[in-house]
Amino acid sequence: MPRDTLTGSRIRERRVLRGMKQADLARKAGISASYLNLIEHNRRRIGGKLLLSIAEILRVEPAALTEGAGAALIASLREAAADMPQVSAELDRVDEFAGRFPGWAQLLADSRTRVAQLERSLETLNDRMTHDPHLAASLHEMLSTVTAIRSAASILAEPGEVDAEWQARFHRNIYEDSARLAETSRGLVTYLEADESSPLETGAPQEELDAALEKAGHTVPELEAGADLDAALAKLGRGLSGPARGLLRGWLDRYASDAEALPLDRLRPAVEEHGPDPAALSAALGADPARIMRRLAAMPPEDLPTPVGLAICDSSGVLTYRKPLPDFPMPRFGAACPLWPLYRALSRPHVILAGPVMQVGRSGAVLWADALATPQAGPAVNADPLYQAQMLVRPLPQGTEPPATLPQLGVACRVCPRESCEGRREPSILASTRR
Amino acid sequence: MRGEDMGGQVLLIEDEPNIIEAIRFILSRDGWQVHTHSNGTDAAQIVRDRAPDVVILDVMLPGRSGYDILRELREDPAHSDLPVLMLTARGQSKDREMAERAGASRFMTKPFSNAEVLDAVRALSAQ
């Protein structure tokens, strides 16, 4: 067991915490006070019987004196205790706690850091809503302009005498103000969009993974030409947290085995012939359609006749992978609209549910979705498989007529304008279209 | 009661030219004599000089906030009862509270309607 050089400091710390004088400890341990002083200042090494006896006198584990715990960890634990003095955490035994339960101690320290981070981003958001000068100024400007327009317009619209000269003036004012309103609102939208990415990205591992994959364009050249997992992990995983790297690792493993089973030079000619149709490609290549969907989503854009989107969810419906299309956005967190064929597939595993889909309020673009649920692993003995579902979204295949009526899907309830929907599970944050 | 019966005088302190134009028009048509001012810095002095029957005061003015102007006016016994209608672009209860504490007789949030302004001015002058 490596003994670090701070054993003396820890002895001193424990002694002070116990309110024991140096001379008393030295006497009980059978050494001189000056020798203990040298030990406590890390100028004499200590070990063996003397260490055991000092540990016993101080009523601590010897390991707590020799190994201690990382100073940073101890400091975090102390801060955590100071944050909530009402809990009366046993501060005098913090070393013992960290020494005996290093994992739990680290968990507590990390949780505290995370809480602090979240509190900070909450404050940031709160500040932004109430104090952001740009936001406040823009809104003020818009409301003033709207007021001017409303006043002038109602003078013109309501009964009452308005001579021609004044009429012309109010018409001109309305015209000018509406141009100004358009300008301000455009500026505000740009500002809000530009700002969207900055303070909120303190996300969960899944969000980190999503962001990393989006940045990489969902394709990993390193894994196409002979799998170099480490290089891919190093490149895509830069700056990710440990848990997010774990998710990334799993994703890359699957990518690598998909790429090995269906290399690009085999896939490319088949896609050229059949288009991005998982069922047709599966028949032509003799490959698993679920794997084909993932391969299509990972193909470089220049190899695809049309862009494709892909959503993957686990049995609970939570999205574990998302590659949206402009006409088919996907929620950034949690589960999507329950009307998606993706979820229907979970109740009809092993069947490719193919058909036209459309998202409400998306310029009426009709797309095509192929959804399929398959077990996550191979058959097990006397155990039900755990399914995951995938849904490939692509432009309407050539020669397919868009149907006259089509059930409209949403992105997720919170941002869905549909008012009566049996799938709704929480209210929308969008203002009602009906007044 | 219409403005002409009173020969009432309204001072509108607001910096948005097209709002000024519209409010001036509707109040004038109703018989009120309307003066306007667009700067916060000397607004309190203008109120003293003009001695209007009703003041319409915007909160966000260049130079000085409407709350400060109103507080200064209320400290002066001559203007402690002057009817003041405050205009603001923020309708939170916090702003309403601030307006009340500063001594506003009435409080109106943008975007308001012409009829609301007219009713408020009539009601305030009748007090």
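Visitor: What percentage of the 127 residues of chain B count as buried?

Guide: A residue is buried if 20 or more other C-beta atoms, placed from the backbone, lie within 10 Å of its own, exposed if 12 or fewer, and partly exposed in between; of the 127 residues of chain B in this predicted model, 43% count as buried. Residues are numbered from 1 along each chain as its sequence is written, and chains are lettered from A in the order in which they are written. Because the model is predicted, local features need pLDDT of at least 70 and side-chain atom pairs count only at pLDDT 80 or more, while totals for chains, interfaces and linings use all residues.

Visitor: Which helices and strands does chain B have, and in what pattern?

Guide: Helices (H or I, at least four residues) and strands (E, at least two) are DSSP runs, numbered from the N terminus. Chain B has six helices and five strands, and along the sequence they follow the pattern α-β-α-β-α-β-α-β-α-β-α.

Visitor: How many residues of chain B are in contact with chain A?

Guide: Two residues are in contact if their C-beta atoms, placed from the backbone, lie within 7 Å, and here 16 residues of chain B are in contact with 15 residues of chain A. Helix H2 (residues 17-29) of chain B gives the largest share of that side of chain B, eight residues.

Visitor: Why is helix H17 of chain A largely enclosed?

Guide: Ten of the ten residues of helix H17 (residues 289-298) of chain A are buried, so the rest of the structure largely encloses this helix; among the buried residues are Pro289(A), Arg291(A) and Ala298(A).
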